[in-house]
Amino acid sequence: MEELKIEKEIAEEISKTFHSAEVTVKREKRVVVKLRDDLITPFLSYAKNNMNFIHLAHISCVDWLEDNKFELIYSLLNYDNKVMILAKTYIDRENPEFVSHTNYWDQAETYEREMREMYGINFKGNKRLTEFILEDWQGIPPMRRDFDTVKFSQDTFYNRPGRENAQDVRTTVTKKSGEEIPEIGKDYTVRNL
Amino acid sequence: MEINWSSVIGIVATPVIAFIVGVLYGGAVRKITARVQNRYGPPITQNLFDIIKLYSKKTAIQHGVMQHLGPVFAITASVTSLYFIPVIKDSPYFQNFSFNGDLIFLLYMMVFGSLGMALGAGQTGNPNSAIGVSRGLSQMVGYEIPFVLALVAIMIQFKTTSLNELLAVQDHFTNWIIFQSPLAFVAGILAFLGMMHYAPFDVVIAPAEIASGPPSEFGGKYLGLMMTSGSIFAFVKLVLFVDIFLGGASDFITLIIKTFLLYMIPVLTGIVSPRFRTEQSILFFWKWPTFIGILAIIVVVLNG
Amino acid sequence: MYNDKDAKKIVDIIQSYARKHSLWVVAYGTGCGAIEIPPTMTSRYDAERFGIRGSATPRQADVLLITGYLAVKTLKRVIRTYEQMQAPKFVMGFGSCTINGGMYWDSYNTINALDRYLPVDVFINGCMPRPEAVISGFIKLQQLISEGKAEGAEKYLKNLEWYRENQNKVIPNWNMPDYNW
């Protein structure tokens with residue numbers, strides 16, 4: 001495992017500094033760190049200042065509806081050794097609030113605005129949490145998993161007859177032309193709504 | 001008072017002829033551009049279809065009085081300029097109103113349309129129009145200087161400000177002013193490139209950048225009027241340059257040949273050129289064409 | 001003998017011929033389909049030979065080409081653009097998304113049927129329609145114009161309340177100026 005040397009060094013440094021962190025080397029150039037939510041700010045600060053992870057590539061969010069949690073993922077990049085750290089944490093889904101990191105990276109502002117709009121997470125300290133992409137959105141944020149997009153679309157927009165659900169186009173076409181679906185194609189099924 | 005019927009016929013026919021020739025030239029330019037770009041291109045009558053369509057559109061845009069008057073100013077200037085140019089040499093029909101001081105009059109009249117358009121476009125309140133107008137007027141300051149210098153050189157050389165007298169001087173093709181005063185011709189033709197608003201001097205109406213500039217808020221009949229005016233004005237400029245430098249034309253076929261060849265200079269330059277910024281084009285006009293124009297005057301004065 | 005009706009007929013023929021051969025398309029790409037417009041206009045397919053030309057502003061344009069999916073936010077701008085255009089004006093729905101939503105049929109933010117919000121004269125099917133399909137759509141529009149059937153603008157004026165109701169249903173905050181078109 002000679003080729004994962006840098007990644008292992010980074011993982012070791014992180015687990016030495018943050019004892020509660022759960023560090024795994026996912027693959028080449030990719031290190032995943034799972035942290036408590038109050039350790040994210042110190043970790044980002046440490047990674048930026050001491051480990052030269054100066055670039056915040058992305059902040060994303062995953063909705064774990066069953067666990068009643070939101071997972072926030074901060075992607076940091078080091079330009080020198082091209083390693084990316086994914087710092088993950090869970091926050092409460094009922095009253096989603098988190099700390100803004102606009103002080104560390106200006107571009108965090110945009111990602112936080114987007115997440116506020118799409119998931120309803122309130123980032124305290126972000127001065128520009130205004131309307132972002134969606135215009136005049138009313139109702140629950142659309143990227144949450146309990147938001148029923150099909151129902152919303154059917155209620156709001158006129159649905160032309162013949163497009164009520166994701167009909168199996170293949171079946172329709174074969175029925176019309178009288179052809180048989182080959183054996184190899186029968187395994188692929190369309191998501192049933 | 002006896003009415004000179006031949007000149008009445010000429011006065012009625014001149015704008016019509018100018019419009020038809022100008023429109024067909026516009027179509028030909030589009031065709032030539034298309035062929036250069038390896039396309040088939042629209043038919044040569046395409047501009048005529050466009051103008052008819054624009055006139056047949058219902059138009060309801062209201063921004064104020066000057067917005068209505070802008071295109072009217074433009075077409076007034078075009079037709080008035082046209083009337084003071086002898087289209088066909090020594091023809092009783094197409095002398096129009098040419099008089100002794102018509103060169104100086106034309107210098108003023110040809111600017112009038114652009115100024116009227118500037119006022120009209122200014123009232124629409126569209127920022128693209130305002131940008132286009134400021135660019136257009138700045139660029140006009142650029143090319144007017146070599147143009148005036150070239151005309152002044154010719155006026156000094158032949159001691160006349162009348163187009164008819166200039167035509168009378170050029171009785172044989174060795175006496176054309178292009179050969180008698182080549183420096184003035186060079187300055188004039190470089191100014192002509194800017195006057196025709198083809199690339200590289202088309203920053204005024206840059207469609208992808210400022211949404212066609214001054215006419216961006218004009219649609220329907222206004223735009224039709226402006227296209228008509230543009231077609232006539234192109235013809236005016238061509239005939240003026242043919243009259244001044246290329247010995248005029250004693251029949252229509254000569255006129256068509258000469259004006260078409262002259263028209264190809266800005267068109268073919270335009271097809272292969274990128275676009276100058278405003279300050280670049282002003283710099284261009286104030287450098288070599290102005291220098292050549294001054295040189296032409298100096299040469300004339302020294303010889304004279 | 002001079003006959004008023006005949007004269008009107010002749011004028012109509014000339015007008016519809018000129019309209020047919022001079023279609024200016026407003027340069028407004030709404031969805032992914034806008035990528036098919038450059039090849040349609042340039043050397044390879046050369047739409048200019050049919051008199052189809054791009055126009056920089058809606059004031060000068062005749063045809064509004066809805067290229068692909070239409071987000072609600074874009075729909076607002078499209079309606080504004082459409083109402084600034086001068087009659088007679090035509091709308092072309094481009095791609096499956098404008099017909100029934102296409103692959104975005106269940107999206108929370110794209111409309112599914114364009115003709116509920118704007119009067120569409122011609123639909124072009126496909127995802128994406130190739131430049132040939134676009135040109136055939138334009139030729140269909142030319143046919144409709146010469147037959148006098150492309151009257152979307154009049155339909156829009158006549159049924160304005162119905163269109164406004166549909167538009168207001170998806171655009172909650174209707175803060176647009178009224179145009180005296």
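1. First, the ground rules. This is a predicted model, with local features needing pLDDT of at least 70, side-chain atom pairs counting only at pLDDT 80 or more, and totals for chains, interfaces and linings using all residues. Residues are numbered from 1 along each chain as its sequence is written, chains are lettered from A and ligands numbered from 1 in the order in which they are written, and side-chain values use heavy atoms, leaving out hydrogens and water.

2. Over all chains there are 22 salt bridges (a side-chain nitrogen of Lys or Arg within 4 Å of a carboxyl oxygen of Asp or Glu).

3. In chain A, look at Arg93(A) and Asp63(A), whose side chains form a salt bridge at 2.7 Å, N to O. Arg93(A) sits in the loop between strands E5 (84-92) and E6 (97-99) and Asp63(A) in strand E3 (residues 55-64), so the pair ties together parts 30 residues apart in sequence (strands are DSSP runs of at least two residues, helices, H or I, of at least four, numbered from the N terminus). Arg93(A) is buried at 6% relative accessibility, and Asp63(A) is buried at 5% (buried is under 20% relative accessible area, exposed over 50%, partly exposed in between, with a 1.4 Å probe and protein chains only).

4. Next, a link between chains. Arg39(B) and Glu48(C) form a salt bridge, with the closest N and O atoms 2.4 Å apart. Arg39(B) lies in the loop between helices H1 (5-36) and H2 (46-55) of chain B, and Glu48(C) in the loop between helix H2 (37-41) and strand E2 (52-55) of chain C, so this pair joins two chains. Arg39(B) is buried at 9%, as is Glu48(C) at 11%.

5. Both residues also belong to a salt-bridge network with Arg30(B), Asp50(B) and Asp46(C).
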